[in-house]
Amino acid sequence: SLRDELINIRNLTEGLPRFGQPLPESKAHWDLSPSIDWFWVKVGIKSGLVGVIAITLLMWIHPPGPNALPLMAWIQTVLTRPFVRAGGTGDKGIFQNSFFGSLVLIGCIIVLLLFTPFLANYLVMNLTLFVILFGLGFLTARMAGINIWILLAYLSISVFVGLNPQQPVDSQTIIDSFIGLMVGMFVGALVSRLIWPVLPQGLLRDNLVDLFAGTKALLREDP
């Protein structure tokens, strides 16, 4: 009996006929209504809200790094949420991560202020970019998804390439670009943590509720 039930579960998962039973009645496609994934509805609402907040800040107080601020806030809200299902932490500890991420970005500012003149050479620029990208790929090859640190690396590399050191780069441009990333990171963290936060314990609770509901249906011999 246990073997037959396991075969039935597998067949249901793979869309195959159930073991030892006739084929189910075919249904017209228009009778099947798609279900709404509320997880992604919340992601859409939060990402739209964080975009509005970022643009309002730009029009209101004109913070430094206007190009990086909305992008950082929006991407952090969208990309750091779903990967909690792959072992990530979701929005747990997002303020601490944003603080430590800001320290990393400050270190990037100091390094670029010191070494940007040397990057005017194409060979040095290409070698530096190769080392950065190779190191990023090597260190993140086994990660299941995009966490806050990979996100920071992606955007920092974009800012680094966008500086175009073949031309004289103003120090204030370097500082403003990374400050925009920092402000956007904290805007995204604030919205993500205060509105429908995605936490591992909440996801575990929802998964357990679904598991118990399925187990209850199995015990009732619900077809």
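Reply: The protein chain has 8 helices and 0 strands, counting DSSP runs numbered from the N terminus, with at least four residues (H or I) for a helix and at least two (E) for a strand. This is a predicted model, where local features need pLDDT of at least 70, side-chain atom pairs count only at pLDDT 80 or more, and totals for chains, interfaces and linings use all residues. Residues are numbered from 1 along each chain as its sequence is written, and side-chain values use heavy atoms, leaving out hydrogens and water.

Of the 223 residues, 30% count as buried, that is, under 20% relative accessible area with a 1.4 Å probe, protein chains only.

Now for the pair. Helix α2 covers residues 38–60 and helix α3 residues 68–79; they pack at about 165 degrees, with axes 9 Å apart. The axes are lines fitted to C-alpha atoms over the stretch in contact, and angles run from 0 to 180 degrees between N-to-C directions. α2 and α3 are therefore roughly antiparallel, the label for angles over 145 degrees.

Who touches whom? From α2 come Val-43, Lys-46, Ser-47, Val-50, Ala-54 and Leu-58, and they meet Leu-69, Pro-70, Ala-73, Trp-74, Thr-77 and Val-78 of α3, contact meaning heavy atoms within 4.5 Å. By class, that makes 9 nonpolar, 2 polar and 1 charged residues; Ala, Val, Leu, Ile, Met, Phe, Trp, Tyr, Cys and Pro count as nonpolar, Asp, Glu, Lys and Arg as charged, and the others, Gly among them, as polar.

Methods
Parallel < 35°, antiparallel > 145°, perpendicular 65-115°, else oblique. Buried < 20%, exposed > 50% of the residue type's maximum accessible area, 1.4 Å probe, protein only.
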